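I will look things up one at a time and note what I find.

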Amino acid sequence: MTEQLASGDLTDAVARAVLGTAGVAFLRPGVAQLLRASRALARVRPMGDRLGRPPRSSGVRVTRGEGAEQWHVEVYVVLHRGHRAVDVTREVRAAVTAAVRAEAGMRDPRVSVTVTGLV
Amino acid sequence: MPGERGRAPQDGADEAARRADGLLAVRAGEGDEEAFEELVRRHAPGLLRLATRLLGSRTEAEDAVQDSFVSAWRKLPEFRRDARFGTWIHRIVTNRCLNVLRARRPAVDLEGVPEPQAPEHEASPARVAEGHAAVADLTRAMAGLSPEQRVCWVLRELNGLSYESIAESVGISPEAVRGRVFRARRYLTEAMAAWR
Amino acid sequence: MAVNEETGPGNQDTGPGEERAAATGGNPADSPAEREPLPCGRELWSVWERWESGEADPHAAACPHCTEALNTLRHLEDVVSAARATEPREQDTDASALVGRVMDVVRLELRPGRTLPLGEEDEDAWIVEAAAARTVRAAAETLPGVRAGSCRIEVRSQDTDTTAPAGRLRRGPVGIRLEVEAPLTWHLQEVAEQVRHRVLEAAETELGMRVTVVDVTITDITEDVEGRRP
(Lines give C-alpha, C1' and ligand atoms only; values in the text may rest on other atoms or scores of the structure.)
Protein backbone atom coordinates (compact mmCIF):
# COMPACT_ATOMS: atom_id res chain seq x y z
CA MET A 1 0.00 0.00 0.00
CA THR A 2 1.36 3.38 -0.92
CA GLU A 3 1.33 5.66 2.04
CA GLN A 4 1.18 9.36 2.03
CA LEU A 5 3.22 11.09 4.68
CA ALA A 6 1.73 14.15 6.30
CA SER A 7 3.41 17.51 6.06
CA GLY A 8 6.08 18.38 8.58
CA ASP A 9 3.81 21.08 10.00
CA LEU A 10 1.09 18.62 10.90
CA THR A 11 3.60 16.21 12.38
CA ASP A 12 5.12 19.01 14.44
CA ALA A 13 1.71 20.11 15.69
CA VAL A 14 0.95 16.56 16.75
CA ALA A 15 4.32 16.27 18.51
CA ARG A 16 3.66 19.49 20.42
CA ALA A 17 0.24 18.24 21.48
CA VAL A 18 1.73 14.99 22.76
CA LEU A 19 4.51 16.69 24.65
CA GLY A 20 2.02 19.07 26.25
CA THR A 21 0.13 16.18 27.83
CA ALA A 22 0.70 15.64 31.55
CA GLY A 23 2.60 12.44 32.22
CA VAL A 24 4.51 12.40 28.94
CA ALA A 25 8.29 12.50 29.48
CA PHE A 26 9.42 12.55 25.87
CA LEU A 27 8.77 11.12 22.45
CA ARG A 28 10.63 7.99 21.58
CA PRO A 29 13.86 9.47 20.31
CA GLY A 30 14.83 8.86 16.73
CA VAL A 31 18.34 7.78 15.96
CA ALA A 32 19.18 11.15 14.44
CA GLN A 33 18.23 12.95 17.64
CA LEU A 34 20.23 10.58 19.75
CA LEU A 35 23.23 10.96 17.51
CA ARG A 36 23.07 14.68 17.90
CA ALA A 37 22.72 14.31 21.63
CA SER A 38 25.75 12.13 22.04
CA ARG A 39 28.96 12.94 20.30
CA ALA A 40 30.45 9.71 21.53
CA LEU A 41 28.07 7.80 19.33
CA ALA A 42 29.34 9.34 16.13
CA ARG A 43 31.07 6.14 15.14
CA VAL A 44 28.06 3.97 15.83
CA ARG A 45 26.30 2.83 12.71
CA PRO A 46 22.67 3.94 12.81
CA MET A 47 20.51 0.86 12.69
CA GLY A 48 16.91 0.45 11.75
CA ASP A 49 14.80 -0.79 14.59
CA ARG A 50 14.48 -4.30 13.16
CA LEU A 51 10.76 -3.85 12.80
CA GLY A 52 11.37 -2.45 9.36
CA ARG A 53 10.83 1.15 10.26
CA PRO A 54 13.37 3.53 8.83
CA PRO A 55 16.25 4.53 11.11
CA ARG A 56 15.02 8.09 11.38
CA SER A 57 11.60 7.17 12.70
CA SER A 58 10.91 9.21 15.77
CA GLY A 59 8.00 9.47 18.12
CA VAL A 60 5.32 10.67 15.75
CA ARG A 61 4.25 9.36 12.38
CA VAL A 62 1.26 10.68 10.47
CA THR A 63 0.18 8.78 7.36
CA ARG A 64 -2.78 8.26 5.09
CA GLY A 65 -3.28 5.12 3.08
CA GLU A 66 -3.84 5.57 -0.62
CA GLY A 67 -7.41 6.61 -1.29
CA ALA A 68 -8.25 6.50 2.38
CA GLU A 69 -9.99 9.42 3.97
CA GLN A 70 -8.75 8.79 7.43
CA TRP A 71 -5.35 9.84 8.66
CA HIS A 72 -3.45 7.53 10.92
CA VAL A 73 -1.39 9.07 13.69
CA GLU A 74 1.10 6.79 15.43
CA VAL A 75 2.61 8.09 18.65
CA TYR A 76 5.48 6.45 20.57
CA VAL A 77 6.05 7.92 23.99
CA VAL A 78 8.02 7.48 27.16
CA LEU A 79 5.93 8.32 30.25
CA HIS A 80 6.75 9.51 33.71
CA ARG A 81 6.17 6.98 36.43
CA GLY A 82 3.45 7.98 38.84
CA HIS A 83 0.89 8.48 36.08
CA ARG A 84 -1.44 5.68 35.11
CA ALA A 85 -0.25 4.72 31.65
CA VAL A 86 -3.61 4.08 30.02
CA ASP A 87 -4.99 7.38 31.28
CA VAL A 88 -2.07 9.25 29.75
CA THR A 89 -2.61 7.50 26.40
CA ARG A 90 -6.26 8.62 26.46
CA GLU A 91 -5.26 12.20 27.08
CA VAL A 92 -2.65 11.97 24.36
CA ARG A 93 -5.31 10.72 21.96
CA ALA A 94 -7.63 13.60 22.83
CA ALA A 95 -4.85 16.16 22.42
CA VAL A 96 -3.74 14.69 19.09
CA THR A 97 -7.31 14.59 17.77
CA ALA A 98 -7.75 18.24 18.67
CA ALA A 99 -4.44 19.19 17.08
CA VAL A 100 -5.23 17.40 13.82
CA ARG A 101 -8.60 19.13 13.68
CA ALA A 102 -7.06 22.54 14.33
CA GLU A 103 -4.10 22.10 12.01
CA ALA A 104 -5.64 20.19 9.11
CA GLY A 105 -9.36 20.55 9.64
CA MET A 106 -9.78 16.81 9.75
CA ARG A 107 -12.05 14.96 12.11
CA ASP A 108 -11.49 11.67 13.82
CA PRO A 109 -8.06 10.53 12.79
CA ARG A 110 -7.10 7.08 13.94
CA VAL A 111 -4.63 7.60 16.79
CA SER A 112 -2.44 4.71 18.00
CA VAL A 113 -0.47 5.40 21.15
CA THR A 114 2.36 3.10 22.21
CA VAL A 115 4.19 3.46 25.50
CA THR A 116 7.82 2.51 24.86
CA GLY A 117 9.20 3.25 28.29
CA LEU A 118 8.63 4.57 31.79
CA VAL A 119 11.10 6.87 33.53
CA MET B 1 52.37 -13.44 43.35
CA PRO B 2 51.65 -16.38 45.54
CA GLY B 3 48.13 -16.70 46.77
CA GLU B 4 46.60 -14.85 43.89
CA ARG B 5 47.03 -17.62 41.40
CA GLY B 6 44.48 -20.25 40.78
CA ARG B 7 40.74 -20.39 41.02
CA ALA B 8 38.32 -17.65 41.76
CA PRO B 9 37.44 -17.24 45.41
CA GLN B 10 34.32 -19.10 46.44
CA ASP B 11 33.23 -17.12 49.44
CA GLY B 12 29.71 -15.99 50.23
CA ALA B 13 30.08 -12.53 48.76
CA ASP B 14 31.22 -14.04 45.50
CA GLU B 15 28.24 -16.37 45.47
CA ALA B 16 25.84 -13.52 46.19
CA ALA B 17 27.38 -11.43 43.42
CA ARG B 18 27.06 -14.30 41.00
CA ARG B 19 23.42 -14.83 41.92
CA ALA B 20 22.69 -11.14 41.47
CA ASP B 21 24.49 -11.20 38.10
CA GLY B 22 22.36 -14.11 36.98
CA LEU B 23 19.14 -12.31 37.79
CA LEU B 24 20.31 -9.11 36.15
CA ALA B 25 21.39 -10.99 33.02
CA VAL B 26 17.97 -12.62 32.66
CA ARG B 27 16.28 -9.25 33.01
CA ALA B 28 18.67 -7.53 30.64
CA GLY B 29 18.10 -10.32 28.13
CA GLU B 30 14.40 -9.46 28.24
CA GLY B 31 15.17 -5.85 27.40
CA ASP B 32 15.53 -4.32 30.87
CA GLU B 33 18.03 -1.54 30.25
CA GLU B 34 18.39 -0.65 33.91
CA ALA B 35 19.38 -4.21 34.72
CA PHE B 36 21.98 -4.08 31.98
CA GLU B 37 23.29 -0.76 33.25
CA GLU B 38 23.77 -2.36 36.64
CA LEU B 39 25.75 -5.19 35.06
CA VAL B 40 27.92 -2.71 33.16
CA ARG B 41 28.52 -0.74 36.34
CA ARG B 42 29.53 -3.87 38.26
CA HIS B 43 31.89 -5.27 35.67
CA ALA B 44 33.33 -2.24 33.89
CA PRO B 45 36.19 -1.43 36.31
CA GLY B 46 37.65 -4.95 36.28
CA LEU B 47 37.26 -5.29 32.54
CA LEU B 48 38.83 -1.90 31.94
CA ARG B 49 41.85 -2.97 33.92
CA LEU B 50 42.04 -6.25 32.07
CA ALA B 51 41.83 -4.54 28.68
CA THR B 52 44.37 -1.90 29.69
CA ARG B 53 46.80 -4.67 30.62
CA LEU B 54 46.16 -6.53 27.41
CA LEU B 55 46.41 -3.52 25.12
CA GLY B 56 48.78 -1.27 27.04
CA SER B 57 46.55 1.71 26.40
CA ARG B 58 43.67 3.01 28.49
CA THR B 59 42.08 4.73 25.50
CA GLU B 60 42.04 1.61 23.39
CA ALA B 61 40.89 -0.36 26.41
CA GLU B 62 37.85 1.91 26.82
CA ASP B 63 36.90 1.33 23.20
CA ALA B 64 37.34 -2.42 23.47
CA VAL B 65 35.27 -2.67 26.63
CA GLN B 66 32.54 -0.43 25.24
CA ASP B 67 32.30 -2.51 22.06
CA SER B 68 32.23 -5.69 24.13
CA PHE B 69 29.32 -4.52 26.27
CA VAL B 70 27.34 -3.42 23.23
CA SER B 71 27.88 -6.78 21.60
CA ALA B 72 26.90 -8.47 24.88
CA TRP B 73 23.64 -6.50 24.94
CA ARG B 74 22.83 -7.73 21.45
CA LYS B 75 23.60 -11.35 22.31
CA LEU B 76 21.99 -11.39 25.75
CA PRO B 77 18.60 -12.69 24.59
CA GLU B 78 20.39 -15.92 23.68
CA PHE B 79 22.49 -15.99 26.85
CA ARG B 80 22.21 -19.36 28.57
CA ARG B 81 20.88 -19.17 32.08
CA ASP B 82 23.37 -21.57 33.52
CA ALA B 83 26.28 -19.54 32.18
CA ARG B 84 28.02 -16.94 34.30
CA PHE B 85 27.78 -13.40 33.03
CA GLY B 86 31.20 -12.50 34.47
CA THR B 87 32.94 -15.35 32.66
CA TRP B 88 31.08 -14.62 29.47
CA ILE B 89 31.85 -10.89 29.32
CA HIS B 90 35.45 -11.56 30.35
CA ARG B 91 35.78 -13.84 27.34
CA ILE B 92 34.20 -11.30 24.99
CA VAL B 93 36.62 -8.58 26.14
CA THR B 94 39.63 -10.92 25.91
CA ASN B 95 38.78 -11.87 22.35
CA ARG B 96 38.07 -8.28 21.36
CA CYS B 97 41.51 -7.29 22.68
CA LEU B 98 43.13 -10.22 20.91
CA ASN B 99 41.65 -8.97 17.65
CA VAL B 100 42.85 -5.44 18.33
CA LEU B 101 46.36 -6.76 18.98
CA ARG B 102 46.28 -8.83 15.82
CA ALA B 103 45.23 -5.84 13.77
CA ARG B 104 48.22 -3.89 15.01
CA ARG B 105 51.36 -3.73 12.97
CA PRO B 106 53.63 -6.52 14.20
CA ALA B 107 56.45 -5.01 16.19
CA VAL B 108 59.01 -7.67 15.44
CA ASP B 109 61.98 -5.39 15.21
CA LEU B 110 62.66 -4.65 18.82
CA GLU B 111 64.86 -1.69 18.07
CA GLY B 112 61.80 -0.20 16.46
CA VAL B 113 59.65 -0.66 19.53
CA PRO B 114 59.08 2.79 20.99
CA GLU B 115 59.91 3.56 24.57
CA PRO B 116 56.73 3.16 26.51
CA GLN B 117 55.08 6.29 27.77
CA ALA B 118 54.71 6.67 31.48
CA PRO B 119 51.17 5.75 32.46
CA GLU B 120 49.01 8.76 33.32
CA HIS B 121 48.27 7.50 36.79
CA GLU B 122 51.89 7.13 37.79
CA ALA B 123 52.13 9.91 40.30
CA SER B 124 54.44 8.92 43.09
CA PRO B 125 58.01 10.05 42.40
CA ALA B 126 59.16 7.85 45.27
CA ARG B 127 58.50 4.76 43.24
CA VAL B 128 60.72 5.76 40.36
CA ALA B 129 64.37 4.81 40.16
CA GLU B 130 65.39 1.25 39.55
CA GLY B 131 62.00 -0.45 39.78
CA HIS B 132 60.61 2.10 37.42
CA ALA B 133 63.25 1.42 34.82
CA ALA B 134 62.64 -2.31 35.05
CA VAL B 135 58.89 -1.81 34.66
CA ALA B 136 59.55 0.35 31.61
CA ASP B 137 61.76 -2.40 30.21
CA LEU B 138 59.03 -4.92 30.81
CA THR B 139 56.43 -2.80 29.04
CA ARG B 140 58.80 -2.40 26.13
CA ALA B 141 59.57 -6.10 26.01
CA MET B 142 55.87 -6.99 26.08
CA ALA B 143 55.44 -5.16 22.80
CA GLY B 144 57.58 -7.88 21.23
CA LEU B 145 55.23 -10.71 22.17
CA SER B 146 52.80 -12.12 19.69
CA PRO B 147 49.15 -11.22 20.41
CA GLU B 148 48.48 -14.80 21.51
CA GLN B 149 51.48 -14.92 23.82
CA ARG B 150 50.67 -11.54 25.25
CA VAL B 151 47.07 -12.40 26.04
CA CYS B 152 47.92 -15.70 27.72
CA TRP B 153 50.81 -14.22 29.65
CA VAL B 154 48.83 -11.20 30.89
CA LEU B 155 45.92 -13.37 32.01
CA ARG B 156 48.35 -15.63 33.83
CA GLU B 157 50.80 -13.15 35.37
CA LEU B 158 48.75 -10.02 35.83
CA ASN B 159 45.26 -11.41 36.30
CA GLY B 160 46.40 -14.55 38.08
CA LEU B 161 44.10 -16.92 36.17
CA SER B 162 44.68 -20.65 36.09
CA TYR B 163 45.82 -22.25 32.83
CA GLU B 164 42.41 -23.90 32.60
CA SER B 165 40.56 -20.59 32.94
CA ILE B 166 42.76 -18.99 30.32
CA ALA B 167 42.17 -21.92 27.99
CA GLU B 168 38.43 -21.45 28.41
CA SER B 169 38.68 -17.71 27.86
CA VAL B 170 40.80 -17.90 24.74
CA GLY B 171 39.32 -21.09 23.34
CA ILE B 172 42.47 -23.23 23.12
CA SER B 173 43.76 -26.17 25.14
CA PRO B 174 45.44 -25.67 28.52
CA GLU B 175 48.58 -27.21 27.02
CA ALA B 176 48.63 -24.58 24.29
CA VAL B 177 48.25 -21.91 26.97
CA ARG B 178 51.21 -23.37 28.88
CA GLY B 179 53.26 -23.24 25.70
CA ARG B 180 52.42 -19.62 25.08
CA VAL B 181 53.06 -18.54 28.64
CA PHE B 182 56.38 -20.39 28.67
CA ARG B 183 57.55 -18.78 25.44
CA ALA B 184 56.40 -15.36 26.62
CA ARG B 185 58.35 -15.74 29.85
CA ARG B 186 61.43 -16.96 28.08
CA TYR B 187 61.28 -14.14 25.61
CA LEU B 188 60.70 -11.49 28.28
CA THR B 189 63.54 -12.71 30.49
CA GLU B 190 65.90 -12.76 27.52
CA ALA B 191 64.85 -9.35 26.24
CA MET B 192 65.15 -7.74 29.65
CA ALA B 193 68.51 -9.38 30.32
CA ALA B 194 69.80 -8.05 27.01
CA TRP B 195 68.90 -4.48 28.00
CA ARG B 196 70.38 -4.60 31.44
CA MET C 1 47.08 -31.17 23.62
CA ALA C 2 48.25 -29.70 20.36
CA VAL C 3 50.52 -26.73 20.76
CA ASN C 4 50.06 -25.59 17.22
CA GLU C 5 46.38 -24.80 17.37
CA GLU C 6 47.51 -21.24 17.38
CA THR C 7 49.08 -21.50 13.96
CA GLY C 8 45.80 -22.15 12.24
CA PRO C 9 44.60 -20.19 9.26
CA GLY C 10 44.23 -16.48 9.72
CA ASN C 11 46.32 -16.58 12.83
CA GLN C 12 49.67 -14.95 12.22
CA ASP C 13 52.11 -15.58 14.94
CA THR C 14 54.95 -13.20 14.70
CA GLY C 15 56.19 -13.46 18.23
CA PRO C 16 59.49 -14.84 19.29
CA GLY C 17 59.71 -18.57 19.57
CA GLU C 18 56.26 -19.02 18.14
CA GLU C 19 57.44 -19.96 14.67
CA ARG C 20 59.52 -22.70 16.16
CA ALA C 21 56.59 -24.31 17.86
CA ALA C 22 55.71 -26.26 14.80
CA ALA C 23 55.04 -29.80 15.83
CA THR C 24 52.66 -31.15 18.39
CA GLY C 25 53.70 -32.99 21.46
CA GLY C 26 53.23 -33.60 25.11
CA ASN C 27 55.03 -30.60 26.50
CA PRO C 28 54.82 -26.94 25.71
CA ALA C 29 58.34 -26.61 24.39
CA ASP C 30 58.98 -29.38 21.98
CA SER C 31 60.93 -27.76 19.18
CA PRO C 32 64.60 -28.73 18.97
CA ALA C 33 65.78 -25.28 20.04
CA GLU C 34 63.53 -25.26 23.05
CA ARG C 35 64.45 -28.78 23.96
CA GLU C 36 68.08 -27.86 24.20
CA PRO C 37 68.79 -28.71 27.81
CA LEU C 38 70.56 -26.66 30.42
CA PRO C 39 74.15 -27.80 31.00
CA CYS C 40 72.86 -30.03 33.80
CA GLY C 41 70.59 -31.89 31.39
CA ARG C 42 67.25 -30.44 32.54
CA GLU C 43 65.07 -28.51 30.16
CA LEU C 44 64.18 -24.92 30.97
CA TRP C 45 60.42 -25.35 30.66
CA SER C 46 60.37 -28.24 33.09
CA VAL C 47 62.49 -26.39 35.64
CA TRP C 48 60.17 -23.39 35.48
CA GLU C 49 57.06 -25.54 35.51
CA ARG C 50 58.11 -27.46 38.61
CA TRP C 51 58.84 -24.21 40.36
CA GLU C 52 55.52 -22.73 39.38
CA SER C 53 53.61 -25.79 40.52
CA GLY C 54 55.28 -25.52 43.90
CA GLU C 55 56.51 -29.10 43.75
CA ALA C 56 59.69 -29.84 45.65
CA ASP C 57 62.63 -29.93 43.26
CA PRO C 58 65.76 -31.09 45.11
CA HIS C 59 67.86 -31.16 41.97
CA ALA C 60 67.11 -27.55 41.08
CA ALA C 61 67.81 -26.39 44.60
CA ALA C 62 71.29 -27.81 44.41
CA CYS C 63 72.08 -27.18 40.76
CA PRO C 64 73.71 -23.85 39.84
CA HIS C 65 72.28 -23.93 36.31
CA CYS C 66 68.75 -24.49 37.48
CA THR C 67 69.19 -21.89 40.22
CA GLU C 68 70.31 -19.39 37.61
CA ALA C 69 67.34 -20.25 35.41
CA LEU C 70 64.96 -19.79 38.32
CA ASN C 71 66.55 -16.50 39.29
CA THR C 72 65.78 -15.01 35.91
CA LEU C 73 62.18 -16.11 36.25
CA ARG C 74 61.97 -14.73 39.78
CA HIS C 75 63.39 -11.45 38.59
CA LEU C 76 60.66 -11.29 35.95
CA GLU C 77 58.02 -11.98 38.59
CA ASP C 78 59.44 -9.19 40.76
CA VAL C 79 59.20 -6.74 37.91
CA VAL C 80 55.65 -7.90 37.22
CA SER C 81 54.79 -7.25 40.87
CA ALA C 82 56.30 -3.79 40.61
CA ALA C 83 54.29 -3.15 37.45
CA ARG C 84 51.10 -4.18 39.19
CA ALA C 85 51.89 -1.89 42.08
CA THR C 86 51.92 1.10 39.74
CA GLU C 87 48.43 0.34 38.46
CA PRO C 88 45.47 2.16 39.92
CA ARG C 89 43.40 -0.05 42.19
CA GLU C 90 40.36 -1.58 40.58
CA GLN C 91 37.94 0.21 42.87
CA ASP C 92 39.59 3.51 41.94
CA THR C 93 39.04 3.01 38.26
CA ASP C 94 36.50 5.54 37.14
CA ALA C 95 34.23 3.77 34.70
CA SER C 96 31.28 6.14 34.86
CA ALA C 97 32.01 7.76 31.50
CA LEU C 98 32.23 4.33 29.93
CA VAL C 99 28.95 3.24 31.53
CA GLY C 100 27.30 6.34 30.09
CA ARG C 101 28.60 5.70 26.59
CA VAL C 102 27.56 2.06 26.63
CA MET C 103 24.05 2.94 27.77
CA ASP C 104 23.71 5.66 25.11
CA VAL C 105 24.25 3.00 22.48
CA VAL C 106 22.01 0.47 24.21
CA ARG C 107 19.08 2.88 24.53
CA LEU C 108 19.38 3.61 20.84
CA GLU C 109 18.88 0.00 19.91
CA LEU C 110 15.25 -0.89 19.85
CA ARG C 111 14.74 -4.50 20.62
CA PRO C 112 12.10 -6.49 18.90
CA GLY C 113 9.56 -7.41 21.53
CA ARG C 114 5.88 -7.88 22.11
CA THR C 115 3.58 -4.92 22.09
CA LEU C 116 0.76 -5.40 24.59
CA PRO C 117 -2.69 -3.83 24.72
CA LEU C 118 -3.51 -1.15 27.28
CA GLY C 119 -7.06 -0.28 28.31
CA GLU C 120 -10.29 -1.62 26.89
CA GLU C 121 -10.91 -3.86 23.94
CA ASP C 122 -11.82 -1.03 21.54
CA GLU C 123 -8.93 1.25 22.42
CA ASP C 124 -5.81 1.78 20.36
CA ALA C 125 -3.28 2.03 23.18
CA TRP C 126 -0.26 -0.18 23.69
CA ILE C 127 2.79 -0.73 25.82
CA VAL C 128 6.01 -2.55 24.96
CA GLU C 129 6.61 -5.68 26.97
CA ALA C 130 9.91 -4.50 28.49
CA ALA C 131 8.23 -1.42 29.99
CA ALA C 132 5.28 -3.37 31.38
CA ALA C 133 7.63 -6.04 32.73
CA ARG C 134 9.56 -3.46 34.68
CA THR C 135 6.41 -2.32 36.42
CA VAL C 136 5.55 -5.93 37.21
CA ARG C 137 8.99 -6.73 38.60
CA ALA C 138 9.03 -3.57 40.68
CA ALA C 139 5.64 -4.49 42.14
CA ALA C 140 6.92 -7.93 43.18
CA GLU C 141 10.03 -6.38 44.70
CA THR C 142 7.99 -4.21 47.05
CA LEU C 143 7.81 -7.37 49.18
CA PRO C 144 10.77 -7.64 51.58
CA GLY C 145 13.63 -9.69 50.17
CA VAL C 146 11.81 -10.67 47.00
CA ARG C 147 13.80 -10.30 43.78
CA ALA C 148 12.23 -10.65 40.38
CA GLY C 149 13.89 -12.25 37.37
CA SER C 150 12.27 -13.27 34.14
CA CYS C 151 8.92 -11.68 33.37
CA ARG C 152 7.03 -12.58 30.21
CA ILE C 153 3.72 -11.02 29.33
CA GLU C 154 1.49 -11.91 26.40
CA VAL C 155 -2.01 -12.01 25.07
CA ARG C 156 -2.89 -15.66 25.36
CA SER C 157 -4.99 -17.15 22.62
CA GLN C 158 -7.25 -18.92 25.09
CA ASP C 159 -8.13 -15.58 26.68
CA THR C 160 -9.42 -13.85 23.59
CA ASP C 161 -11.87 -14.98 20.97
CA THR C 162 -11.34 -12.03 18.69
CA THR C 163 -8.83 -12.31 15.91
CA ALA C 164 -6.93 -9.16 15.11
CA PRO C 165 -7.89 -7.36 11.91
CA ALA C 166 -5.26 -7.49 9.18
CA GLY C 167 -2.24 -5.40 10.01
CA ARG C 168 -3.27 -4.91 13.61
CA LEU C 169 -2.15 -6.59 16.77
CA ARG C 170 -4.44 -8.82 18.76
CA ARG C 171 -6.07 -7.22 21.77
CA GLY C 172 -7.24 -8.88 24.91
CA PRO C 173 -6.24 -9.40 28.51
CA VAL C 174 -2.73 -10.62 29.13
CA GLY C 175 -1.18 -13.48 31.02
CA ILE C 176 1.95 -12.84 33.09
CA ARG C 177 4.65 -15.38 33.90
CA LEU C 178 6.97 -14.11 36.59
CA GLU C 179 9.97 -15.72 38.27
CA VAL C 180 11.07 -14.59 41.70
CA GLU C 181 13.63 -15.37 44.35
CA ALA C 182 12.35 -15.19 47.88
CA PRO C 183 14.04 -15.40 51.27
CA LEU C 184 13.60 -18.38 53.55
CA THR C 185 11.49 -16.30 55.88
CA TRP C 186 8.56 -16.47 53.48
CA HIS C 187 6.12 -19.28 53.34
CA LEU C 188 6.26 -20.21 49.66
CA GLN C 189 2.54 -20.41 49.10
CA GLU C 190 2.11 -17.10 50.79
CA VAL C 191 4.82 -15.30 48.90
CA ALA C 192 3.42 -16.44 45.56
CA GLU C 193 -0.01 -15.22 46.60
CA GLN C 194 1.33 -11.86 47.76
CA VAL C 195 3.34 -11.37 44.58
CA ARG C 196 0.26 -12.12 42.51
CA HIS C 197 -1.72 -9.61 44.52
CA ARG C 198 0.85 -6.83 44.16
CA VAL C 199 1.28 -7.47 40.46
CA LEU C 200 -2.46 -7.35 39.76
CA GLU C 201 -2.72 -4.16 41.76
CA ALA C 202 0.14 -2.48 39.87
CA ALA C 203 -1.17 -3.60 36.49
CA GLU C 204 -4.45 -1.93 37.30
CA THR C 205 -3.32 1.24 39.08
CA GLU C 206 -0.03 1.99 37.32
CA LEU C 207 -0.64 0.68 33.81
CA GLY C 208 -4.32 0.04 33.16
CA MET C 209 -3.54 -3.34 31.64
CA ARG C 210 -6.12 -6.11 31.91
CA VAL C 211 -4.64 -9.31 33.32
CA THR C 212 -6.26 -12.72 33.42
CA VAL C 213 -3.56 -14.73 35.12
CA VAL C 214 -0.29 -14.24 36.99
CA ASP C 215 1.87 -17.37 37.14
CA VAL C 216 4.48 -16.97 39.85
CA THR C 217 7.43 -19.36 39.90
CA ILE C 218 9.82 -19.27 42.83
CA THR C 219 13.17 -20.09 41.27
CA ASP C 220 15.37 -19.77 44.31
CA ILE C 221 15.26 -19.44 48.05
CA THR C 222 17.71 -16.89 49.35
CA GLU C 223 19.06 -16.81 52.85
CA ASP C 224 19.29 -13.13 53.53
CA VAL C 225 16.22 -11.05 54.08
CA GLU C 226 18.11 -8.00 52.96
CA GLY C 227 18.42 -9.46 49.51
CA ARG C 228 18.25 -6.06 47.92
CA ARG C 229 20.44 -5.17 45.06
CA PRO C 230 23.57 -3.28 46.07
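**Cysteines.** I start with a cut-off: I count a disulfide when two cysteine sulfur atoms lie within 2.5 Å. By that rule I get 0 disulfides over all chains. I keep in mind that this is a predicted model. Next I checked C:C40, which is in no disulfide. Its nearest cysteine sulfur belongs to C:C63 and is 3.6 Å away. C:C40 is partly exposed, at a relative accessible area of 27%. I also looked up B:C152. Its relative accessibility is 0%, so B:C152 counts as buried.

**Chain B, overall.** I listed the secondary structure of chain B and found 8 helices and 0 strands. Along the sequence the pattern reads α-α-α-α-α-α-α-α. Chain B has 196 residues, and 53% of them are buried. I then took the contacts in chain B between residues at least 6 apart in sequence. Of these, 67% join residues at least 24 apart. Chain B exposes about 8800 Å². Carbon and sulfur atoms supply 50% of that area.

**Cores.** Which residues have the most contacts inside the largest nonpolar core? I noted B:F36, B:F69, B:L76, B:F85, B:L138, B:W153 and B:L188. This core has 78 residues. Helix α2 of chain B, residues 33-55, gives the most to it, with 11 residues. B:W153 is in contact with residues of chain B, among them B:L138, B:M142, B:V181 and B:L188. B:W153 also touches C:L76 and C:V80. There is a second, separate core of 56 residues. It includes A:L118, C:V146, C:V155 and C:A192.

I found a nonpolar surface patch of about 260 Å², made by A:L19, A:F26 and A:V119. A:L19 sits in helix α1 of chain A, residues 8-19. A:L19 is partly exposed, with a relative accessible area of 44%. I then turned to A:D108. Its phi is near 50 degrees, a positive value in a residue other than glycine. A:D108 lies in the loop between α3 (85-104) and β5 (110-118) of chain A.

- C:D124 pairs with A:R110, the closest N and O atoms being 3.0 Å apart. C:D124 is in the loop between β1 (115-118) and β2 (125-128) of chain C and A:R110 is in strand β5 of chain A, so this pair joins two chains. C:D124 counts as buried at 12% relative accessibility. A:R110 is partly exposed, at 21%.
- B:D32 pairs with B:R27, with the closest N and O atoms 3.5 Å apart. Both B:D32 and B:R27 are buried.
- C:R152 pairs with C:E129, with the closest N and O atoms 3.5 Å apart. The two are 23 residues apart and link distant parts of the chain: C:R152 is in strand β3 (residues 147-155) of chain C, and C:E129 is in helix α6 (residues 129-140) of chain C. C:R152 is partly exposed, at 29%. C:E129 counts as buried, at 6%.

My last entry is a network. Salt bridges that share partners join B:R27, B:E30, B:D32, C:R137, C:E141 and C:R147.

Terms used
Residues are numbered from 1 along each chain as its sequence is written. Chains are lettered from A and ligands numbered from 1 in the order in which they are written. This is a predicted model: local features need pLDDT of at least 70, side-chain atom pairs count only at pLDDT 80 or more; totals for chains, interfaces and linings use all residues. Side-chain values use heavy atoms; hydrogens and water are left out. Helices (H or I, at least four residues) and strands (E, at least two) are DSSP runs, numbered from the N terminus. Buried means under 20% relative accessible area, exposed over 50%, partly exposed in between (1.4 Å probe, protein chains only). Contact means heavy atoms within 4.5 Å. Accessible areas come from the Shrake-Rupley method with a 1.4 Å probe; for residues, only the protein chains shown count as cover. A nonpolar core is a set of buried Ala, Val, Leu, Ile, Met, Phe, Trp, Tyr and Cys residues joined through side-chain atoms within 4.5 Å. Patches are made of residues with over 30% relative accessible area and no salt bridge: like charges are joined within 9 Å, nonpolar side chains (Val, Leu, Ile, Met, Phe, Trp, Tyr) within 5 Å. A salt bridge is a side-chain nitrogen of Lys or Arg within 4 Å of a carboxyl oxygen of Asp or Glu. Lists of a residue's contacts leave out its neighbours within four places in sequence.
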